[in-house]
Amino acid sequence: MVDLIDWLVEQGYASTTQRNHVRAAARLGSWMVAKGLTLGNLDASRVVRMVSEDNARHPEHRSANENVSAVVRFLGETGHLRPEPEARAEDSPAEAFLAGWLRFLEEEQGQGVSWIYKARWLGRAFLALIEDPSGNLCWELVDVAMANDFLGRVVTGYSSSTAQSEAVLLRGLLAWSAANGLINEQVSLGILSPRRVRTGLPKGLTTGEVAALKGAVDLDCSTGRRDLAIIVMLSRLGIRAGEAAGLTLEDIDWREPSVRVVGKGGRVLVLPMPVDVGETLVDYLRVRRCDPAERSVFVRSLPPLQALHRTGVTEVVSKHARLAGLEGVYAHRLRHTAACQVLAGGGTIRQVQELLGHANLASSMTYARVDTESLRRLAPSWGRLP
């Protein structure tokens with residue numbers, strides 16, 4: 001469990017997600033104790049069976065049990081998961097078919113442990129519908145209507161993204177079946193896409209909310225000065241939590257003045273440093289305590305005094321948001337705030353792109369929907385044609 005927590009932190013999971021995965025690991029451990037299993041004899045197939053049994057007894061656990069897939073990936077990457085046995089002659093047709101499909105996903109498509117785990121769960125559930133009492137698979141029962149009915153039932157209660165993943169897996173299973181001459185290839189093409197949930201508008205904080213967030217910081221200690229510097233930098237420069245965590249002292253050019261940021265895909269941005277960002281950084285760096293030779297700008301407040309991780313940056317924002325009475329505010333919300341401030345100040349979408357470091361303009365266009373003043377000028381008055 002300790003290794004799992006360290007792995008979750010290294011992977012950059014948010015603190016809430018980390019807790020969900022740890023709970024899933026604890027539930028998996030309880031199942032293993034009940035079954036008399038240890039890590040030495042645990043494989044992904046047994047995990048799938050445990051989850052299926054629990055889902056059958058407690059349907060309300062289904063969404064929470066999805067977190068087990070990340071635990072399985074951890075076990076696979078750290079060598080704690082026993083390899084899957086090869087299909088044997090005495091295996092049922094369903095097990096032999098499933099083993100062949102999973103082997104194809106792993107060896108031909110290069111899919112990871114987590115995806116294979118989900119594929120095994122869905123494959124077993126689908127094949128159970130067409131398996132007769134003798135163990136043979138009745139492929140003549142498979143058509144578009146039957147497959148879509150199955151998909152609709154298995155994704156009930158899940159998020160839109162999870163439902164989309166299940167649809168992709170089912171199409172892949174049916175395409176594999178068609179490639180082996182078991183069904184018509186048109187069946188996989190008829191699988192419907194579950195309803196996508198439209199994302200809302202990017203929502204930044206108002207000037208008053210930003211002031212309340214900064215006002216919740218206790219400046220009488222070095223940790224508070226660090227936290228204020230993080231909040232001001234994220235809300236003014238729009239950098240990501242991981243980018244803030246990766247800043248080093250060498251990335252700050254006091255003569256320019258500017259901040260060098262390494263973004264997604266290794267893209268390097270050099271952003272001008274506003275006065276308020278520079279002032280809060282100076283106040284923090286004057287009291288910054290860290291281990292010898294540590295060059296990260298933002299460091300932990302407790303030993304070991306090393307670089308603050310991305311999740312730590314996110315926790316700084318969420319902690320002070322709670323103190324300020326702002327619910328659901330995390331580090332990425334400050335990125336939206338910076339973009340909205342550019343538009344509110346008369347800036348352009350191109351300037352938003354340059355500030356946020358988007359590789360193409362299309363990624364920045366979502367902020368055009370919140371630029372109501374510009375949109376209002378494009379709308380014709382009632383009763384007049386443009």
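Student: Which residue of strand 3 does Val259 stand opposite?

Tutor: In this predicted model, Val259 faces Leu271 of strand 3.

Student: How many residues lie between strand 1 and strand 2 in their hairpin?

Tutor: The hairpin formed by strand 1 and strand 2 has 4 residues between them.

Student: Turning to the helices, at what angle do helix 6 and helix 9 pack?

Tutor: Angles of 65 to 115 degrees count as roughly perpendicular. Helix 6 (residues 93–107) packs against helix 9 (residues 160–179) at about 110 degrees, and their axes are 11 Å apart. The two helices are therefore roughly perpendicular to each other.

Student: Is the crossing of helix 6 and helix 9 left-handed or right-handed?

Tutor: The crossing in which helix 6 passes helix 9 is right-handed. On the side of helix 6, the contact is made by Phe97, Gly100, Trp101 and Phe104. Helix 9 contributes Leu169, Gly172, Leu173, Trp176 and Ser177.

Student: How do the residues of this contact divide into nonpolar, polar and charged?

Tutor: Gly is counted among the polar residues in this division. The contact of helix 6 with helix 9 has 6 nonpolar residues and 3 polar ones, with no charged residue.

Note on methods. Residues are numbered from 1 along each chain as its sequence is written. This is a predicted model: local features need pLDDT of at least 70, side-chain atom pairs count only at pLDDT 80 or more; totals for chains, interfaces and linings use all residues. Side-chain values use heavy atoms; hydrogens and water are left out. Axes are lines fitted to C-alpha atoms, for helices over the stretch in contact, and angles run from 0 to 180 degrees between N-to-C directions. Angles under 35 degrees count as roughly parallel, over 145 as roughly antiparallel, 65 to 115 as roughly perpendicular and the rest as oblique. A crossing is left-handed if the near helix is turned anticlockwise from the far one by less than a right angle, and right-handed if clockwise. Contact means heavy atoms within 4.5 Å. Two strands pair if DSSP finds at least two bridges between them.
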